[in-house]
Amino acid sequence: MPQIRPLTALAAGLAFATASLFGTAQAAEYYDGKNIRMIIPFSPGGGTDTFGRLISQYLGRHIPGEPTIVAENVTGAGGLLGSNEFAQRVDHDGTTLMTASGHLNLRAFLGLKGLRLDLDELEPVVASPMGHVTAISTQAGIKDPSELLEARGRLTKGITDPVGLLESLVALEMFDLEYRAVPGYGGRGDTRIAFERGELMINTQSTPAYLNSVQPLVDEGRVMPLYAIGFIDADGHPVRDPAVPDMITAPELYEQIHGEMPSGTIWEAFKVTVPLVQNTRGTVWAHGDIPEEAMAALRSGVEGMVNDPEFQAAAANILQGYDIMWGDDLGQIKASMEAASPEVLDFLRDMLNERFGTEFD
Amino acid sequence: MLDALINALWILLDPFRLMMLFAGVAIGIAVGILPGLGGLMGMALVLPFLFGMDAYAGVALLIGIAAAVPSADTFPSVLMGIPGSSGSQATIMDGYPMAQRGEAARALGAAFTASLIGGLIGALALSAVVPFARPLILAFGSPELFMLTLLGLSMIGVLSGNRPLKGMLAAVAGLALGTIGGAPVAAEYRFAGDFLYLYDGLSLVIVALGLFALPEIIDLLARGGAIAERSRGLGHGWVQGAKDTLNHKWLVIRHSLIGVAIGAIPGMGSSIIDWVNYGIAAQTSKDRSQFGKGDVRGVIAPESANNAKEGGVLMPTLLFGVPGSSAMAMLLAALMIFGVQPGPQMLTRDLDLVFVIIWSLALANVFGTLICLLLSKPISRLTFIPFQYIAPVIIVIVVVGAWQETRHWADLALLLGFGLLGWIMKRAGMPRPPLLIGFILSGLAERYLWMSYNLYDWEWLARPGVLTIGALAVFLVAGSVMLKRSTERSAEAIQHADEAGKPNPREETR
Amino acid sequence: MKARLVAALTHHLQTSFVLAILACLVAILWISQSFSLGARLFPTAVASLGILLALLELGRQAIRRGAKEESDFSDLAEEDDTPAFYARGLRFFAWMAAFIGLFFLVGALPAAGLYVLGFLRLQYRSPWLPSLALSGGLVALLWALGVALQLRWPTPLLF
């Protein structure tokens, strides 16, 4: 992978440069008098929807031509209807964008049955990352994360939608922990309540939700944080979660327990899954084949937006401590997808299929 | 605490914030009256305006919408037998027969007064209970939630009239309909084939509109004339309705509290609240003969619970950051925009905001119901207009409302299909409410049963909460059967008395 | 002929309806056997219970044959059980279906206007003035609602 990445970055940079070279002349007109429709394939409310609405609110005024961006929730079939509409039923002319969640990206990446979205044909415009923290109830009887494999009792972990929790499941698989998956929860919030109630023993939350709602339980001594999922840098090394820099990451904990870094397919799967999910909690996608002037206008709009103090003020609350991803940084998203070998994909699909019956095309 | 309460009122009395509250109430009334649209839609509408808005004003706006919807959705339920939103389905049962008798204004007066008191009790309960609500919310694990779905299903007996067998069959059909789409505990799509539209299952809005709205419209058209017969006169005005509600103050208080309690339990969904309350009111009444034929108690109970529930659903929303209803997800999004983290520390860090929410809830209920009361007299006159002029308008509005659901052609095809089903059920003497209840509870029952088993094997059956709720369900059903027997006996006695030439007590107005 | 058909249908409606439910439940039972365990158990249990109830209900109907049953608890007594009434009802369903068809063909607002006008003029022979006024008023109302509530309309198939 390390040899692929600079190439992709270079290619992306080149594309960007040429796009801006050729684009600027017409870019001022391209969005003149046009509207942009922002498809959000989820119900209103929730983190990804709010991110999409934030971008819809501020991006338009910075795009040359000042198009109005109208956010539209196209719900149904767990995001499939909206995604498929974006993939198949709209013109690829830059007047339709889509806000996807990291988990929707993962679904598309793994090729979930019924989903027609092909990420290879899309270009990210702007994205926001989000870390996750896994905690364990003290009922499991361990005093330190390094004793994880000695945890006792029914190690229940609440499952909302297995693909939606893949990064946390892959981490648990990496430790080879015997846990009991309990499917049926409505959302991560529901698993948090069940965790607090003592119904669930292991729970993964987004880092801000962890800090806000699980930290008090830690202070009461009822819960112990195990590890942050952490991020993966361009060379495949684990990086601490910027929102909880003092917390050990899952690969580091593995190294502490086993004396060596994880390896093999499961580690490759971890390195693919984590950046894909955590870098893209909200991702705004455009079709890859939109006119170059449109893409250039979008890119310059994003640049204007992230430098707009008004946007920064509004975004601070929604990004919850993470930096927005734009420009060259977005190359990471595509790079992590390209880095995935077919074996890793098959491994992930098999794991989801055997354990939860998830079907892929 | 008291300081903060008064301080919050001053915060809210700022002209701009009050204006936002009013705007919210106005939007809530509009989306509440229009069948098919609900609070979620109204709130999604204003979300873009929240960026950069003052947090108190934004919260007042959203709470204004949430509080006004359950008042305003009574209009179509009572006047046309059409559920205005998913929260007012049970109001149809007695409100609509009252309107057909020419007593629309009275039914609306009773409903709005009950809504007002219920809403205020909800706000009061929220402010009083919120510091202690965490243990209550945490007490309901998957096994207890499963038992609550059984409690909901036990209402079917009383909603099936004199044919329990047909009622149960309808409920089972509803349970079966609810299994369409993604299975709650397995990654599998049932009975959907490759039709993505069905992956999420059927929409409650479409099913309810189809089952209740279309058959009513069709039959009224086929029969000709107006909704109410003018010969019966205008009936009693809304003042009479308000008096009815005040005469049944214990009923109002009891069902408001039940509404708050069920609303506070996350994971039950608020669309079952009106049915449960209707069922309980009917099950625990001595004289049940008029339920379903225009008993004002059948309007009061669900309407008080319906508004009070907003106080309940705010508890898990604020204390745990878990939305108590789909509209509350929007409030959470708004709090995120304002940089407020929901959770127990809200009670210390953002106490002002919590009290502003409570005041907004109370004031919005007052404004909302007052506006609805003022509208009730002119609007109830619509029931006397020849129906051929009303019907096309309603059909257009129902179709447009259903179309907003997912904007898929299948929304409208299903609307028509369920309309036909409801119409045939009416002819075949098959009660429709049990079908709807089975449909609402199907996914919940399956989900919580599996989760209970996965979490606790069979040990969950012995949990105290499970046993308590189970006993309550048995008690309600058994009590209702006994009450029914005794009413039948007294009805026979009355019949004998009738034959002896005494006046029929049924003609008295309560 | 048509009237006889309708009459036969209405007479046996409650039985044929239960039979239809029974058929659906059997189909559900049949199809769900191909699902994985987690998806299969609930539909299987529900369908089995339903089949039992449907058979019981059919038995009850066979025993109490001919007895005219009291009308539904929720639905008011229906005097009009005549075939003509059914035919009228179905005609109004057809009107509704026509509106939905128009809704997709020409778009929401024109469909609403045309439908109200057509319904009042053709079905009820109402005078032009109130028909036009109602149709125009409704289109204006929908337009205003569409703007105020950001309602979304279908893209007309015809143009």
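The model is a predicted one, in which local features need pLDDT of at least 70, side-chain atom pairs count only at pLDDT 80 or more, and totals for chains, interfaces and linings use all residues. Residues are numbered from 1 along each chain as its sequence is written, and chains are lettered from A in the order in which they are written.

We can begin with chains B and C. Their contact takes 57 residues from chain B and 59 residues from chain C, two residues being in contact if their C-beta atoms, placed from the backbone, lie within 7 Å. On the side of chain B, H20(B) gives the most, with 9 residues; helices here (H or I, at least four residues) and strands (E, at least two) are DSSP runs, numbered from the N terminus.

Chains A and B also meet: 41 residues of chain A are in contact with 44 residues of chain B. The largest share of the chain A side, 6 residues, comes from H6(A).

Helix H2 of chain C, residues 13–32, reaches 28 Å from its first C-alpha to its last, close to the 28 Å expected (1.5 Å times one less than its number of residues). Its buried residues include Phe17(C), Ile21(C) and Leu25(C), whereas Ala23(C) and Trp30(C), on the other side, are exposed. Buried means that 20 or more other C-beta atoms lie within 10 Å of the residue's own, and exposed that 12 or fewer do, with C-beta atoms placed from the backbone. What covers the buried residues of H2(C) includes H11 and H21 of chain B.
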